[in-house]
Amino acid sequence: DRYITQYIVTGIGHLQKLGAVPVSSQEKIKSILKTAIPYLDKKLKEDYDYLVKHKVNLKQNNLGSIQIQYLYMRSFFLETEPNKSTNQAFKYYWDQSEKYWIKQNKYMQGMIALALHRLFPVPTNSNKFKNTSKDILASIKDNSIVSEEMGMYWKDMSGGYYWHQAPVETQALLIEAFSEVANDNKTVDDLKTWLLKQKQTQNWKTTKATAEACYALLSPPTPRRGDAGISLLDNEPVVEIKLGDYSISSAKQSEIGTGYFKEKIDGKDMRNDMGNISVNVSSPVVGGQVGAAWGAVYWQYFEDLDKISSAETPLKLSKKMFVEKNTVKGPVLVPINDGDEIKIGDKVKVRIELRADRDMEYLHMKDMRAACMEPVNVLSQYKWQGGLGYYESTKDVSTNFFFSWLPKGTYVFEYPLFVTHSGNFSNGVTTIQCMYAPEFSAHSEGVRVKVK
């Protein structure tokens with residue numbers, strides 16, 4: 001397969017660039033390249049010959065993702081020149097990439113920038129090729145979004161069905177491009193921040209995405225006087241947390257490689273001033289820049305359900321209850337306010353509003369209900385509404401919602417209940433937590449229900 005062959009040869013190029021090919025495997029690698037590269041050269045020539053044979057206008061845009069991938073792959077093996085029969089096709093598609101790069105997506109544009117930069121580092125007789133690589137990255141950067149927390153990213157990187165639409169691979173490729181072509185370590189650090197933050201709440205879908213992301217994150221920064229960039233392995237940040245007068249430092253207890261650390265404080269040792277929390281992140285390298293770090297503080301205590309106030313993170317929940325009443329104009333929803341009384345037999349609608357400020361995966365939302373109410377929806381099933389798919393499961397004391405994928409946005413969920421008993425009841429709270437990043441959780445406020 002042509003695409004897979006180009007991908008594997010590119011992967012070999014990555015390993016060689018990192019110096020990660022063991023001596024015992026070098027002869028095997030050479031034999032693979034000796035067969036693969038001529039095969040791929042031949043396939044490019046076939047593309048060009050097809051255009052000529054069918055009298056396609058060679059001046060129009062005939063550049064596809066497979067040809068761009070070839071140029072990028074070929075840029076890792078400059079010492080092996082294409083043979084004479086392939087040279088014309090090679091030069092044609094190189095000229096096409098210089099001319100029509102603007103019609104490509106960001107993944108392909110990054111590949112073109114790297115290919116042009118590596119294959120023709122010295123300006124040719126024509127000035128039109130001189131700054132194309134830098135122009136491409138300047139254009140990409142102009143359309144970016146930069147956030148202190150999330151780093152640098154793009155709105156249109158939501159993925160697609162094809163290999164050249166993958167967001168993780170795109171970000172990884174652009175890290176390589178901005179490091180090598182633009183020598184812009186500040187932008188590279190922001191791009192790495194997004195890649196890490198994306199991994200915080202989502203998974204990297206495939207082994208291919210994981211390999212590309214690791215290559216981008218572990219590649220050493222481009223040397224530059226006065227700005228060496230951040231090496232994630234050599235410059236692991238030191239995190240110091242103060243809870244009042246109580247101090248915790250990652251330098252004493254962090255896990256090698258990940259920097260992860262955890263400390264538990266028993267309830268008997270807690271003091272009021274521990275609510276004043278400050279965090280300081282510094283570099284162990286003198287004059288080094290500070291990389292990304294994140295964590296969470298969990299404060300656990302007991303409280304009556306109806307006295308709980310709402311709490312939010314990047315997730316936010318709001319729960320409201322309504323009584324459905326029949327009028328001459330049809331069914332009307334009347335909100336149930338604190339202290340209002342409802343009756344046995346009333347039909348109650350529960351409305352939950354959920355807001356997420358970033359894409360997340362693997363979330364569980366649990367909505368508790370009062371013992372005086374029985375659900376209408378008793379069958380667990382997969383549901384689809386408003387572009388969101390989820391599994392709804394009804395239990396004895398709660399209704400549970402499971403999301404494998406929750407895109408950024410605001411969502412509303414409703415389900416009916418019937419009032420079956422009189423009395424004074426706590427209706428509980430609605431909670432949601434990201435299983436992939438447990439620090440992202442939220443809950444609604446507690447509500448008390450009176451039934452006569």
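**A walk through the predicted chain**

Of the contacts in the protein chain (heavy atoms within 4.5 Å) between residues at least 6 apart in sequence, 73% join residues at least 24 apart. The model is predicted: local features need pLDDT of at least 70, side-chain atom pairs count only at pLDDT 80 or more, and totals for chains, interfaces and linings use all residues. Residues are numbered from 1 along each chain as its sequence is written, and side-chain values use heavy atoms, with hydrogens and water left out.

The protein chain holds ten helices and 19 strands; these are DSSP runs numbered from the N terminus, with helices being H or I of at least four residues and strands E of at least two. Its radius of gyration is 29 Å, well over the 22 Å that the globule rule gives for 452 residues, so the chain is more spread out than a compact globule. That radius is taken over C-alpha atoms, and the rule is 2.2 Å times the number of residues to the power 0.38. Along the principal axes, the C-alpha atoms fill a box of roughly 90 × 60 × 40 Å.

Of the 452 residues, 43% are buried, where buried means under 20% relative accessible area, exposed over 50%, and partly exposed in between (1.4 Å probe, protein chains only).

The expected span is 1.5 Å times one less than the number of residues. Buried residues of H4 include Phe-90, Tyr-92, Tyr-93, Trp-94 and Tyr-100. The buried residues of H4 pack against helix H2 (26-53), helix H3 (65-74), helix H5 (106-119) and helix H6 (132-142).

Further along, Asn-183 sits in the loop between helix H7 (167-180) and H8. Its phi is near 55°, a positive value in a residue other than glycine, and Asn-183 is partly exposed at 25% relative accessibility. Helix H8 itself (residues 185-201) has 17 residues and reaches 25 Å from its first C-alpha to its last, close to the expected 24 Å. H8 is mostly covered, with 14 of its 17 residues buried.

Helix H10 (residues 250-253) contains Ser-250, which is buried at 3% relative accessibility. Not counting residues up to four places away in sequence, Ser-250 touches Pro-237, Val-238, Val-239 and Phe-261. Ser-250 and Met-373 are 123 residues apart in sequence, and their C-alpha atoms are 49 Å apart in space.

The relative accessible area of Tyr-362 is 33%, so it counts as partly exposed. Ser-444 lies in the loop between strand S18 (441-443) and strand S19 (448-451), and is buried, with a relative accessible area of 2%. Leaving aside neighbours within four places in sequence, Ser-444 is in contact with Ile-308, Ser-309, Ser-310, Leu-317, Lys-319, Val-429 and Thr-430.
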